[in-house]
Amino acid sequence: AELREGQDVFVSAAAGGVGTATGRLARLMGAGRLVGSAGTAAKAAYLTEHVGYDAVFDYHTGPTAELLAKAAPDGIDLYMDNVGGEHLEAAISSLRAYGRIVRIGTMAQKNSTDTPYALRNLPDIVEKSLRMEGFLVSNYRDVQEELNAFVVPHLQSGRIGLDETVVDGFGGIVDAFLGMLRGENLGKIIVRAAGAV
Ligand SMILES: NC(=O)c1ccc[n+]([C@@H]2O[C@H](COP(=O)([O-])OP(=O)(O)OC[C@H]3O[C@@H](n4cnc5c(N)ncnc54)[C@H](OP(=O)(O)O)[C@@H]3O)[C@@H](O)[C@H]2O)c1
């Protein structure tokens, strides 16, 4: 994402596995205002109290563009997109000139039968000279060691914590997966096999 110190960031699905890690890393890397969206007020409160987000809105409470504009009144430099659809449209509107979008996931269109959302402000990408790039974690295996060297000391010192929802028993794997799609998880959802620690 080429985050530079002081830049303002918006993260969608901020309470999930990717979103909590993104928030914690962005905070460590000196992000400016850090804004997220999540599906419940309880998730929003967790993110501001424990993960380091400055403001988080529940996207069910109004049009996403309005909620984002209120949470980031001066705009954003970077959008980490786990959702697509209305969230992406809102972010394009809030991005400043030369802003960047990193497309990670498409939770708003998780079923192949979901009607695709037609973005109405694509011309803004040209007008504001925005850049949008797809991110695939499998393309970055070569920096795994670099990530470990950066993050592990912060985990050991307690400067950053883990955000996990644990489901016990391998038999729960389908329910855990469906629950994740419905937003029942906070942080990474982990299925713990019997006997595992
Ligand atoms: N590109 C890659 O390499 C890569 C790697 C890992 C994951 N991903 C993608 O990144 C995204 C996040 O993954 P994750 O593992 O961290 O999942 P996650 O965020 O832990 O779980 C998905 C979350 O999405 C939210 N959600 C569900 N439907 C939504 C909707 N219609 N609009 C907005 N939010 C919705 C739910 O939380 P709420 O309660 O907030 O709605 C749910 O908890 C997924 O799209 C995943 O496919 C990409």
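A salt bridge here is a side-chain nitrogen of Lys or Arg within 4 Å of a carboxyl oxygen of Asp or Glu. This is a predicted model, so local features need pLDDT of at least 70, side-chain atom pairs count only at pLDDT 80 or more, and totals for chains, interfaces and linings use all residues. Residues are numbered from 1 along each chain as its sequence is written, and side-chain values use heavy atoms, with hydrogens and water left out.

Search the whole structure and you get eight salt bridges.

| Pair | N to O distance |
|---|---|
| R24 and D163 | 2.7 Å |
| D81 and R103 | 2.8 Å |
| R182 and E184 | 2.9 Å |

Start with R24 and D163, whose side chains meet in a salt bridge. R24 sits in helix α1 (residues 17-28) and D163 in the loop between α6 (144-157) and β7 (164-168), so this pair ties together parts 139 residues apart in sequence. (Helices, H or I of at least four residues, and strands, E of at least two, are DSSP runs numbered from the N terminus.) R24 is buried at 11% relative accessible area, and D163 is buried at 7%. For the record, buried means under 20% relative accessible area, exposed over 50%, and partly exposed in between, using a 1.4 Å probe and protein chains only.

Next up are D81 and R103, another salt bridge. D81 belongs to strand β4 (residues 76-81) and R103 to strand β5 (residues 95-103), so the link joins parts 22 residues apart in sequence. D81 is buried at 0%, while R103 is partly exposed at 23%.

Then there's R182 with E184: R182 is exposed at 58%, and E184 is exposed at 55%. Finally, D8, D77 and R96 are linked in a salt-bridge network.
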